[in-house]
Amino acid sequence: MSLSESDTRAKLIDPALHKCGWTEELIRREETEKGVYLLDGRPARRERGRTDYLLRIKVNSITQPVAVALIEAKSSDTPPEEGLEQAKKYARLNNVSFVYSTNGYLFIEYDSFTDITSKPQKIENFPSPGTLRERYEKNIGFSLNDKYALPLLMPYASGEASRRYYQDAAIRSVLEKIARGENRALLYLSTGSGKTFIAVNILKKIADAEQLRRALFLCDRDELRTQALAALQNVFGSNAAPATSNNPQKNARIVVATYQTLNVSNYEDDAKFFIKNYPENYFSHIIIDECHRSAWNKWSVVLTRNPGAIQIGLTATPRYWEGGNEEDQKADKQITADNLKYFGDPVYEYGMSQGIEDGYLPACEIVRRITDIDETGISREDIERLGAKDPITGNTVTVSDTKPRYEAPSYEALIQLPDRVKAWCKDLFEMFLQTSGPHQKTVIFCVRDTHAGQVSQEMNNLYAKWCAKNKQELLEPYAFKCTASEGGSDYIADLRGSEKTHFIATTVDLITTGVDVPILKNVVFFKYVRSPISFQQMLGRGSRIHLPTNKLMFRVYDYTNATRLLGKEFKVKPKPETGDTGKGIEKEKVIKVEGFDVHINPAGTFIVMEQNGKLGMVTVEEYKEKIAQYLVAETKDLNTFRTIWLDPKNRKQLITALPNDGSGIRMLQELLNRNDYDLYDMLAEIGFGIVPKTKKERVEALQYKNADWLNNLPDNTSATLLAMARQFELGGTEELENYHIFSTAEIINAGGLNALKVIGEPNEIIRQAKERLFKV
C-alpha cells in the first residue's frame, strides 16, 4: 500500500533511523517560516513552511548538536532518487555534507566532500551517528574533540528556537573554518536576514568556549553602532561598550566602533586614534559589518595590525555581478575583489530570493515608469528656448555657459528641473492613493541634498491638498528630508517607530545601508544608480517583514531604470589596492531650467522571482504565460485541473510547483485586480481560458443550481454547508479546509460539525459540496 510522505516518515524512515542509533534528540525537523502570498489584496502566510529533515551528532549530553546530514523523504511508491537534487539544494542551505533521498525502503546518498552519489541501498543499512561523525571529521579537517572545535559545541544562550535555520548554518560555517585553523571568513546574507544576530552568536559561542580575549565590532555609521551595541549588550551586558573619540573603552571585552571613531573612514585619515589606543594584536576577534561599504585601503589597517585575530566580514553584496558598463562597475569591482582577495570566497551565502521563498523576507513588486525628457535628453536649444538661471542667486545664466547637452543621469546634479520633480511626485502620490493611501512609510532616493529638499516639499504640498479636499486630519511632518546636512539620523527613529508622523523620507544615501526600518512599505528611485552594490543596499531597505502592521510585501517605484541592476552579476579579478581619491575634479556649474511639459508613462509592472538560481523579474504577461505552460503540461485539461484542486494535498503540490513557489500567483491576483476571485478561477482563466467567477458568484450559483441537492439534505446540514460556503466567499478554498472553520459563530449556529455527521463522513460531504461549488 502506498504511503504519503508524512506516513513514510512516521512508519518507515523514523523506525529505521532509530534502529541505526539516530535518537529523536539527534533528529531535527527544521521548518522554515510560512511563505508569503497575497490573499484578497492583503499579504498572508501559507499554512506551513518547508521542513528540512536534519541529522545531527552530539559529543556529549550537554553540547550543541552539530548538523551533518539531510534527508529528503518521498512517498513509499516513489523511486528513492527522486528527491535527491532538491535535497542537495536544501543541504547547501543548511550547510551539511551528507545528503539522502529515500522512499522508506531504499535510500540514495550524495557525499559533497567526494561529489559521489551511491547506488540505492536498503534503509536498514543507513549509516549510524558514529559512522557519519567519523566521515565528517575526516573530511572537514578536525575532530570535534579538538580545542578549537569547542565553539561549535556551545549551546545557543537563548535556545534553538531563537534562531533560523540559515543563521545556524552560517554560524557553523564560520566556526568550522576557525576550527580548521583558518582565521578569515566572509559571510554573504541578504539585507534583513539577521547578520547582527549571527555575529553576536558567533562571539557568544567563542566566549562560552573561553576563547574570546577582546573583540572589535566595526561598522560605518552611528545608527549601525547603536543597533549592534543593543544586540551585543543584550547578551554580554556591560562587557560590550561603544568606543568614542574620548573613550576607547579599553576595559571592555567587546568594543563597538565606527570607521569614523577609529580615524579610518577615508583616504586622508591617519588612523591615529586606532594606532594610539590599540596596540598590534590587541584584538583576538574582529567583525567587520557591511564590509562592502568602504574601499579596502580605507580600513584595512584594522585587520593588518591584528594579523593573529579571527577576522570575519559580513556583507549583503553578492560576490559576482554581471552587466552594466565599465564606469558603473569600477568601484564595485574593486570592493568585491578586495573582499574576495582577503577573506576568500564566502563560507555561506543566503540571498534575497531564498529569503522570499522561505518566508523570512517580504515579497516584492516593481513598478517602472519612463519620462519623456529622460529619454530625449536636454539640448542647448531647449535651454535657449526656456532660459536658465543660477539656482542660488536666481540670476540668468547665458546659454554659452551651459553644457551642449544634458543626459538624464546629470539631472538634478547639474541641471535642476522643478517641473520634473513636480510631475514625478504627483505620479507617485497618485499611485499611493491607488494602493493603501498616502500614509505609507516610504524612502525616496534623491540625487543630492537640494533635490531631496525639493521632493520633500512637493510631497508635503500634495498631501496638504489631499487632506483639505478629503477633509482629513493633516499628520505632520508628512515628508521630511533625511540627509546628513539636516541631521537626518535624528529622524530615523520617527520613520521607524511613529505611526502618525514621518511617512516619507527623502534622502541621498543616509538610509542606503544597515538602517533597519521594518515598517517601510515603498522604496522609490528618483536618482540614477550606477553601482550594483548601492542598488542592492537601497533595495534592501524594504526587505524586512513587519508583523505588527502585517507587512509581508513591499513595492519598488522605479523612475530611473535602477532595477535593471536586479540580479545582475559581474565576475571580478583582484586588482591592486589603489583608488581614485576624487581630488582635482573641477566642480561643474549647476543651472535651473523651468517650463518643460513633462510626460510620464508606465513601463511595466513586474513580479520579483528567482530565475535560474538568481533574483530576477518578469512582466505580468510573462508570468501568466509561464503558469499557463505549466498547467497545460501538468493537468492537461480543466476537468483534471478541477480534480487536482479538490484534493488539498494535490492542490498544495500544484501551487508549490508553480513558478516562484506559488507566491507570484498570489501577487498576480492583486496586480490583475482579482481579489474577489479564488485562486481556482485565477488559474483556470490563465491556463484554460474559462470566464472566471467571483467567490460571491460561485456561492450564489451553488445555491440556485444545486437547490434540489440542498433541499434533500436535513435542514441543519444544508444550513451548515451554506454557512461554510460563505466562509469560502471570505477566504477562498483554503478557508473551507481550515479546521477552525467549525469554530465560527455562523457555522456553530447552523448546526456545525454534528450536522454533517448526521448524514455520513463530514470530509466526504464537504468534498461533494466543493465539487459542486467549482462545477457551477
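User: How many salt bridges does the count come to?
Analyst: Keep in mind that this is a predicted model. Side chains of opposite charge can pair when their charged atoms come close. The cut-off is a Lys or Arg side-chain nitrogen within 4 Å of an Asp or Glu carboxyl oxygen. By that rule, the count comes to 32 salt bridges.

User: E280 and R305 meet in a salt bridge, so which of them counts as buried?
Analyst: Their N to O distance is 3.9 Å, and the two sit 25 residues apart, E280 in the loop between α7 and β14 and R305 in the loop between α8 and β15. E280 has a relative accessible area of 55%, so it's exposed. Buried means under 20%, and at 14% the one that counts as buried is R305.

User: What's the N to O distance between R369 and D427, and are they buried or exposed?
Analyst: R369 lies in strand β17 and D427 in helix α13, so this pair ties together parts that are 58 residues apart in sequence. Both R369 and D427 are buried. Their side chains meet in a salt bridge, with an N to O distance of 2.9 Å.

User: Which residue forms a salt bridge with E407?
Analyst: E407 has a relative accessible area of 38%, so it's partly exposed. The closest N and O atoms are 2.7 Å apart, and the partner is R405.

User: Which residues do salt bridges that share partners join into one network?
Analyst: Here, salt bridges link up through shared partners. The one network they make joins R56, E160, R163, D168 and R172.

Key. Residues are numbered from 1 along each chain as its sequence is written. This is a predicted model: local features need pLDDT of at least 70, side-chain atom pairs count only at pLDDT 80 or more; totals for chains, interfaces and linings use all residues. Side-chain values use heavy atoms; hydrogens and water are left out. Helices (H or I, at least four residues) and strands (E, at least two) are DSSP runs, numbered from the N terminus. Buried means under 20% relative accessible area, exposed over 50%, partly exposed in between (1.4 Å probe, protein chains only).
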